[in-house]
Amino acid sequence: MEWQAKEEELLAKMDLVRRGFGCLAMVATWTLAELVELAVTAMVAVCENGVYTVKSGYRFLQTEFQNQQPGQSNPLMLKPLWKGIWSLKVPSKVKNLVWRAVKNSLPTKQNLVRRKVLTDDCCDQCKMQKEDTFHALYLCPKLEEIWLSKQAWNQCSLRQVTSFVDLMGHILAENRDPDLFAMVVWAIWKRRNDIRVGKRGENLPNLVQQAQTRLQNFLLHNSATTTSTGQPPTQWQPPAHQQYKINFDGALFKDENQAGLGVVIRDSKGQVMVSLAQRIPLPSTAIEVEALAARRALELALETGLNKGVLEGDSLILMNALKSNSHSLAQFGHIVNDIHYLASQFPMISFSHVRRHCNSVAHSIARRALSFSSLQVWMEDVPPEIADVLQADLIALVE
Ligand SMILES: [Zn+2]
């Protein structure tokens with residue numbers, strides 16, 4: 001019941017964004033952290049000793065999955081599982097895929113039917129069973145030869161595995177070559193998507209070998225950076241209950257004569273509601289870029305109905321100008337006036353200045369604005385390229 005209401009609310013927000021921007025280049029999922037959002041009533045039962053492990057994390061998810069009980073979330077329970085996934089020595093896009101699979105937020109046919117995008121949830125590969133996450137990535141009979149090729153992954157040795165969350169928990173907790181496993185899962189999902197859009201998917205018999213080669217290449221080129229995962233350098237602070245934190249940042253690309261705006265809006269649990277990247281012609285000063293990013297952030301918040309909370313940036317000059325009630329005479333005064341006007345439409349809004357390392361998600365989005373289309377919005381997600389930056393904030397939150 002509660003979930004239906006939540007989904008309807010999100011659909012409505014989604015519609016607003018779609019109409020507001022005309023182009024919604026990438027729609028992530030609305031089931032974002034469905035499991036996080038869903039209930040932690042089982043917390044005591046799952047974790048009697050107060051010791052949080054990968055296993056207790058996935059058991060918790062598993063329980064929630066089976067019960068589908070709404071309630072309050074507690075990211076603490078998920079931390080070991082997230083950490084396990086985030087400590088994998090694989091490319092960020094692979095971690096992100098596994099993470100989304102664990103949250104059941106991949107656009108599988110079952111999830112698309114649930115969102116009323118499709119009416120048929122039958123798997124395209126085997127045409128026998130419904131395609132949920134577990135089926136698409138592991139259970140489909142068409143994938144059997146992959147899993148049989150490696151003892152550590154095949155079902156006989158993974159007794160009582162009943163969901164992808166459960167499977168990933170076992171793979172991590174029992175160290176069943178989790179890096180390669182994640183690479184294979186990524187390749188399976190990519191192959192499935194390629195086939196769905198009419199491309200030739202990777203050859204199944206070669207899939208594990210090619211995943212292995214990709215993993216070796218990755219490790220060869222990233223040996224210095226892959227060891228430092230797990231410890232986040234940021235201390236982003238979530239807003240109060242039922243409020244939103246609207247982080248923004250700007251980036252200059254002088255050679256290209258352009259600037260990038262980055263925005264991310266998160267709730268009190270650190271869950272992303274929406275994020276945005278936009279490219280604009282280069283203004284004459286850096287502070288104007290910051291001010292334009294702040295204005296865009298408030299526009300996005302209004303468009304999506306996330307209109308209670310805190311606007312947060314890392315430019316001290318701008319945030320001081322915004323906090324000051326006097327008419328701004330600065331060069332960027334007209335933008336400050338726009339921002340004050342937009343702010344007046346919020347039932348509740350405050351301005352906060354933080355250091356850059358507390359604003360790293362918005363900063364990273366703005367820095368990458370050149371690599372996206374001129375305007376791109378991600379519902380309930382951030383660009384996959386910066387998933388690790390977001391994850392660092394989430395881990396810092398529960399530490
Ligand atoms: Zn199938």
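Aspartate 121 counts as partly exposed, because 17 C-beta neighbours lie inside 10 Å. Burial would take 20 or more. The model is a predicted one. Aspartate 121 sits in the loop between helix H7 (109–114) and H8. Its contacts, leaving out residues up to four places away in sequence, are Lys109, Gln110, Val113, Lys130 and Glu131. Aspartate 132 is 11 residues from aspartate 121 in sequence, and their C-alpha atoms are 8.0 Å apart in space.

The loop between H7 and H8 also holds lysine 116. Lysine 116 is exposed, because 9 other C-beta atoms lie within 10 Å. Its backbone deserves a look. Most residues other than glycine have a negative phi. Lysine 116 is not a glycine, yet its phi is positive, about 65°.

Asparagine 104 is another such case. Its phi is positive at about 55°, although the residue is not a glycine. Asparagine 104 lies in the loop between H6 and H7. Is asparagine 104 buried or exposed? It counts as buried, because it has 23 C-beta neighbours inside 10 Å.

Now step back to the chain. The protein chain has 17 helices and six strands. Of its 399 residues, 46% are buried. Take the contacts between residues at least 6 apart in sequence: 72% of them join residues at least 24 apart.

Helix H10 (164–173) comes next. Nine of the 10 residues of H10 are buried, so this helix is largely enclosed by the rest of the structure. The buried residues are Phe164, Val165, Asp166, Leu167, Met168, Gly169, His170, Ile171 and Leu172. After H10 comes asparagine 175, with a positive phi near 50°.

Helix H11 covers residues 178–196. How far apart are the end C-alpha atoms of H11? They are 27 Å apart. At 1.5 Å a residue, the 19 residues should span 27 Å, so the two values agree. Just after H11, glycine 198 takes a positive phi of about 85°.

The buried residues of H11 are Pro178, Leu180, Phe181, Ala182, Met183, Val184, Val185, Trp186, Ala187, Ile188, Trp189 and Arg192. What do the buried residues of H11 pack against? Their partners are helix H6 (92–102), helix H8 (133–139), helix H9 (144–148), helix H10 (164–173) and helix H12 (204–222).

Take H6 from that list. Two packed helices are described by the angle between their axes and the distance between the axes. The axes of H6 and H11 come within 9 Å and cross at roughly 80°. H6 is therefore roughly perpendicular to H11. On the H6 side, Val94, Leu97, Val98 and Ala101 make the contact. On the H11 side, Ala182, Met183, Val185, Trp186 and Trp189 make it. By class, this contact of H6 with H11 has nine nonpolar residues, no polar ones and no charged ones.

Helix H13 (residues 286–303) and helix H15 (residues 333–343) have axes that come within 9 Å and cross at roughly 20°. That crossing makes H13 roughly parallel to H15, because angles under 35 degrees count as roughly parallel. The crossing of H13 and H15 is left-handed. In H13, the residues that meet H15 are Glu288, Ala291, Leu292, Ala294, Arg295, Leu298, Glu299 and Leu302. In H15, their partners are Ile335, Val336, Asp338, Ile339, Leu342 and Ala343. The residues of this contact divide into 10 nonpolar, no polar and four charged.

The tour ends at phenylalanine 332. This residue is in the loop between helix H14 (316–323) and H15. Phenylalanine 332 counts as buried, because it has 25 C-beta neighbours inside 10 Å. Which residues does phenylalanine 332 touch, not counting those up to four places away in sequence? They are Ile287, Glu288 and Ala291. Glu288 and Ala291 of H13 also meet residues in H15. Valine 289 lies 43 residues from phenylalanine 332 in sequence, and the two are 9.3 Å apart in space, C-alpha to C-alpha.

Conventions. Residues numbered from 1 in each chain as written. Predicted model: local features only at pLDDT ≥ 70, side-chain atom pairs only at ≥ 80, totals over all residues. Helix = DSSP H or I, 4+ residues; strand = E, 2+ residues; numbered from the N terminus. Expected span 1.5 Å × (residues − 1). Buried ≥ 20, exposed ≤ 12 C-beta atoms within 10 Å, placed from the backbone. Contact = placed C-beta atoms within 7 Å. Axes fitted to C-alpha atoms, helices over the stretch in contact; angles between N-to-C directions. Parallel < 35°, antiparallel > 145°, perpendicular 65-115°, else oblique. Left-handed = near helix turned anticlockwise from the far one by under 90°. Nonpolar A, V, L, I, M, F, W, Y, C, P; charged D, E, K, R; others polar.
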